[in-house]
Amino acid sequence: MSSSQLDWAAIDQDPRFQALHKKKTSFLWGLMLFSIVYYFLLPVGAAYFQDLFKIKVWGPVNVGILFALSEFIVAWIIAGIYAQRANREYDAMAAEIVRDAKNIGGGK
Amino acid sequence: MGRHTPLFLGAAALLVSGLAFAGAGAVADEFKWMTFAVFGAIIAITMYITYWAARQTHTTSEFYAAGRSVTGLQNGWAIAGDYLSAASFLGIAGLISLYGYDGFMYSVGWLVAYITVLLVIAEPCRNIGKYTLGDILAFRNHPKASKTVAALSTITVSTFYLTAQMVGGGVLIKTLIGIDYHISVIGVGVLMLAYVVFGGMKATTWVQIIKAILLVTASILLVMFTWGQYGFSLPGFLQAVVDNPGVQKQVAKLVGDAALTMTPQELGQRFLEPGLFLKNPIDQISLGMALVLGTAGMPHILMRFFTVPTAQDARKSVIWAMAIIGGFYILTLFLGMGAAMNVGAGPIAALDKGGNMAAPLLAQYVGGGADSMLGNLFLAFVSAVAFATIVAVVAGLVLAAASAMAHDIYVGVIKGDHASPKEQVVAARISSLIVGVLAIYVGIAAEGQNVAHLVALAFAVAASSNLPAVFLTLYWKRANTYGIVLGMLVGAISAIALVMISPNMTYPKAVVKDAMKVLEGEPAQPAKPAVAAVPASSFACELFALEGCVKSEPAKHASPDKPAKPGAPEKLVKLQEKLPTLSDAKEIETAKKDIAKLEKDIKKAEDDLKKMEGQTASMVGLEKPFFLLKNPGLISIPLGFLMVIIGSLLFRDKRAEDMWDELYVRQNTGINAEGASAH
């Protein structure tokens, strides 16, 4: 690992890296928080809101079953949203920094 | 690779000879040849792959990371193959078949776990990691110290998971096709060793891919048959579940006295509602935390991200894995419900109390039943897939533990990272061999032990020890060696210690009480009015059996007078007296079955009493559980995080501070990431 050729502190301070860092951080934590809250609604609902979960909405299919199924859909949607964002934005931003890494900070 | 040929042949011969010892199992004798044929085909294919992989596995990167040449799609299937262990494939289908909704709800956490993997772990780990968890931590922390604790934790987690897989696998193969437990364990071990030692990560990856494809194919076929007759209508299918008398009977058994006031329709509908199995919501949240955070800390899952060429491929592989794993759990809903309807909870639980036989028995039913050729072919196929599942998961775990031993401890700590490439590969192969032989030994030594909770414990340790350390190393500037070491040790030890004092352990007094109930029966009980639920007197009382605590109690329905129940021996005598007086063939059959069951119960109760003789306390000297949850995550995970933070704030570590910029830039951009090996 001959990593010391690059000036890491300078890359870290580079506005392009800071922009990537800021965008990614708020987006990732938002998604993460949402997914955790949405997931724990399931056991909490099953334990404390049984009357709601028992309401039949589509033949014998009740709110509980639909909610459990929605957990799968929501997990996939979160994965999809993240992948799209990362493929379209973050990869390009990171690639630009990588291309320019040697020049940032005077290229030690 | 010609020099390895005799070993391959030896492994194959051992397995085939094992099949010859097959005794009674779910597959009838006259159809066993089919099982062997399917097993043989799967073993032959995987052995050929191992042979092919072994010819391309010479360097360390090839052995541990398949030369980083696995594509995102392939890795997605391999992750699914690694993750869908017998516990989640057979176990969840079984839980659904016995308890309905709760089983399905249980499966959700296993998928949601991958969101954590995708968002915060997979790509950064690919960007800065090399082969192991230890490599990630050693990037900015003190290399020897962090590699040592990482290796300890990896080996602990792998051992727990491995033991559960080996014992579960041995029992499963015995139940399905009647191969002796010891031979099953040795067979699984030898096969897995062949894959890992010769083929390294490449062979392991392909075994996992093949296994995942077989598993998904088998499940789709079964669901086509079970769901298809209802025109693939969800309400239509579930209405049939609700209307099914067997399902209604199972619910009546589960809800007890409450069933007296319910109509058959209500009983059936109850199967689609929560609360038949998972009764303690706090325990479930604790398990949920362990799953959602533990998966991302599982060493054998982390290791999979080092096999792809770039972070983009790591991302792609998690997306694929989530599609496959999630789709599979949705199929499991139909498998479990289908088994509940068509096979029935009784026969499923009779073969295996945990319900593991639900999917195989459904396969047999779908093909035409126990006496049909097709039914047994299906059963053989599902059994073979279950077998491949165990071997594939075990191979992944052994590789993870062996890499911790060889790469982190031997090369990193003992040799100070100065080992020749050849030496490293030899160390990796020898470590695999050691871990593999140990796994076989543990599998045999733990025969008959209750190991089901070890899977949950493995996830809890990974979530309390590995995840806080990796996560804070990657994202928190102040994290350092002291925090990592303290957090990993406290996280792992607290998770294990809490389980040692939890209801998972064996408490002799409770066992004796249950055994006496079987042998001596129960006294008559007067009618009781309904009781409302009692909450615990404080949150701490929900978790610990503290002095002065009011324990939480669930609501109870009013119960009518109950006559005294006779003990099993008394019932047995009566039945045996009655047997000669019976004339109807069907009645005689039932009576004989009941007698066999009573004899089994009595023997078990007597064995239990003998085992517990003179003992009053559990392994750690408790008469009853002190920690009231089965899952320790709720306490041990925050504790693990807290200790990393405290340790990091209390002490300073220059290297961890200096390396932060580099780590943070590299984990986000992939500059200087370990590339694919030149091939």
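**Notes on chains A and B**

1. The secondary structure of chain A amounts to four helices and two strands, and these follow one another along the sequence in the pattern α-α-α-β-β-α. The model is a predicted one, and the remarks below should be read with that in mind.

2. Taken along the principal axes, the C-alpha atoms of chain A fill a box of roughly 70 × 25 × 25 Å. Of the 108 residues, 26% count as buried. Among the contacts in chain A between residues at least 6 apart in sequence, 65% join residues at least 24 apart.

3. The contact between the two chains draws 46 residues from chain A and 41 residues from chain B. On the side of chain A that touches chain B, the elements giving two or more residues are α1 (8–13), α2 (15–48), α3 (50–53), β2 (61–62) and α4 (63–100) of chain A. It is α4(A) that gives the most to this side, with 16 residues. By residue class, the side of chain A that touches chain B divides into 35 nonpolar, seven polar and four charged residues.

4. Within chain B, the axes of helix α6 (residues 101–128) and helix α27 (residues 654–669) come within 7 Å and cross at roughly 115 degrees, and the crossing of α6(B) and α27(B) is right-handed. On the α6(B) side the contact is made by B:P124, B:N127 and B:I128, and on the α27(B) side by B:L663, B:R666 and B:Q667. The residues of this contact divide into three nonpolar, two polar and one charged.

5. Helix α13 (residues 281–294) of chain B has 14 residues and reaches 19 Å from its first C-alpha to its last, which is close to the 20 Å expected at 1.5 Å a residue. How much of α13(B) is covered? This helix is mostly covered, with eleven of its 14 residues buried, and the buried residues include B:D283 and B:Q284 as well as B:L291, B:V292 and B:L293.

6. The covering of α13(B) involves both chains: what lies over its buried residues includes α2 of chain A, together with α6, α20 (452–475) and α26 (633–650) of chain B.

Note on methods. Residues numbered from 1 in each chain as written. Chains lettered and ligands numbered in written order. Predicted model: local features only at pLDDT ≥ 70, side-chain atom pairs only at ≥ 80, totals over all residues. Buried ≥ 20, exposed ≤ 12 C-beta atoms within 10 Å, placed from the backbone. Contact = placed C-beta atoms within 7 Å. Nonpolar A, V, L, I, M, F, W, Y, C, P; charged D, E, K, R; others polar. Axes fitted to C-alpha atoms, helices over the stretch in contact; angles between N-to-C directions. Left-handed = near helix turned anticlockwise from the far one by under 90°. Expected span 1.5 Å × (residues − 1).
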